[in-house]
Amino acid sequence: MIDYSNLLAYLQQSPLQSWVDRLPQQIADGLCEKRYGDLHKWTAALAQLPLIKSSRNNFLDKVEIGAPENCDEQTRAQLRQTLEALIPWRKGPYWVHGIHIDTEWRSDWKWDRVIPHLAPLQDRLILDVGCGNGYHCWRMLGAGAQRVIGIDPSPRFVVQFHMIKQLAGNNYPIDVLPVGIEELPEKLQAFDTIFSMGVFYHRKSPMDHLRELKEALRPGGQLVLETLVIEGGPGEVLVPEGRYAMMNNVWFIPSCDTMLGWLRKMGFTNPRVVDVCATSTREQRSTEWMKFHSLPEFLHPDNPALTAEGHPAPIRAVFVAEA
Ligand SMILES: C[S@@+](CC[C@H](N)C(=O)[O-])C[C@H]1O[C@@H](n2cnc3c(N)ncnc32)[C@H](O)[C@@H]1O
């Protein structure tokens with residue numbers, strides 16, 4: 001249904017060759033309609049995507065596919081209806097033939113905070129762990145990456161990515177795979193840059209996450225890790241017993257100094273904090289493309305410096321280090 005033949009052919013002659021044998025089964029498991037009740041609806045929507053020839057695509061300073069004049073109003077209405085079948089759209093924004101997918105997150109703001117601090121992405125082989133629908137993968141490609149592989153176990157996001165890719169013309173060295181980081185072959189030592197953004201606090205075992213990231217990087221390759229942090233000194237870490245900002249799968253929120261110590265302990269070289277930013281209700285909010293509650297409802301009604309549960313409100317930091 002989703003064609004990964006181009007990627008599989010690439011893997012054969014790449015440093016990722018050891019992945020070739022097991023990846024087809026991982027893809028089949030990750031997109032198994034018996035496992036994911038609504039998946040057949042999403043793939044049906046993907047199959048119904050109108051064929052529109054895109055006159056231009058821009059991934060450099062936004063993600064924009066085609067232009068309003070590439071299709072008539074009736075086709076645009078059909079396109080909008082098809083894209084809406086995949087609501088909620090969380091990461092973006094996207095502009096597609098004149099349709100603005102105004103996503104829950106302004107993921108472009110995160111990108112703007114991250115990109116100035118990185119080794120140039122030109123010609124790099126990149127892994128984006130927990131890439132969601134692949135928004136940042138497109139921006140990596142726009143920054144000159146040789147090839148981008150995103151992984152995310154959520155099939156809705158994988159199908160969203162393929163909608164965008166199909167509309168862009170399919171012809172790009174970029175893929176999003178329905179797999180989790182724990183499914184990567186051990187000790188790949190292959191990627192020039194690995195991004196783990198918004199994933200660390202969801203992992204029950206933080207040191208194992210850092211080890212998995214390090215083992216997938218080539219020696220000297222760069223890790224870009226973005227995660228929730230708390231204010232505080234070395235050794236301080238919040239392990240919320242219940243929910244954090246209504247999320248029930250948040251495990252470890254370290255201070256910046258704690259995170260730096262963990263990166264050093266796991267063998268990363270020269271870890272540094274390059275950005276710290278409180279998440280605003282302008283960056284994460286409900287929209288017509290994500291109609292559920294969002295950050296404004298996740299904060300304490302009487303004190304926006306706290307989450308609904310009384311923890312410090314979300315602050316995010318970007319860490320960069322070399323393997
Ligand atoms: C908060 S989102 C972050 C999305 C994007 N990286 C960003 O920074 O905007 C976390 C993503 O991690 C994905 N995820 C959860 N468990 C994962 C795992 N074991 N391996 C890879 N990704 C995972 C989720 O499906 C979700 O899309």
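Which residues does Pro155 touch, when residues up to four places away in sequence are not counted? In this predicted model, local features need pLDDT of at least 70 and side-chain atom pairs count only at pLDDT 80 or more, whereas totals for chains, interfaces and linings use all residues. Residues are numbered from 1 along each chain as its sequence is written, and side-chain values use heavy atoms, with hydrogens and water left out.

With residues up to four places away in sequence set aside, Pro155 touches Gly30, Leu31, Tyr36, Leu39 and Trp42, contact being defined as heavy atoms within 4.5 Å. Pro155 belongs to helix H7, where helices (H or I, at least four residues) and strands (E, at least two) are DSSP runs numbered from the N terminus. The relative accessibility of Pro155 is 5%, and the residue therefore counts as buried (under 20% relative accessible area, with exposed over 50% and partly exposed in between, for a 1.4 Å probe and protein chains only). Between the C-alpha atoms of Pro155 and Leu177, which lie 22 residues apart along the chain, the separation is 8.9 Å.

Helix H3 (residues 39-47) packs against H7 at an angle of about 0°, and the two axes are 10 Å apart; axes are lines fitted to C-alpha atoms, for helices over the stretch in contact, and angles run from 0 to 180 degrees between N-to-C directions. H3 and H7 are therefore roughly parallel to each other, a class that takes in angles under 35 degrees, while those over 145 are roughly antiparallel, 65 to 115 roughly perpendicular and the rest oblique. On the H3 side the contact involves Leu39, Trp42, Thr43, Ala45 and Leu46, which meet Pro155, Arg156, Val159, His162, Met163 and Gln166 of H7. The residues of this contact divide into seven nonpolar, three polar and one charged, with Ala, Val, Leu, Ile, Met, Phe, Trp, Tyr, Cys and Pro taken as nonpolar, Asp, Glu, Lys and Arg as charged, and the others, Gly among them, as polar.

Strand E6 (residues 147-151) and strand E7 pair in the parallel sense over four bridges, pairing being assigned if DSSP finds at least two bridges between two strands, and Ile149 has Asp175 as its bridge partner in E7. The chain passes from E6 through H7 (residues 155-168) to E7 in a right-handed β-α-β crossover, that is, with the strands pointing away from the viewer, the path from the first strand over the helix to the second runs clockwise.
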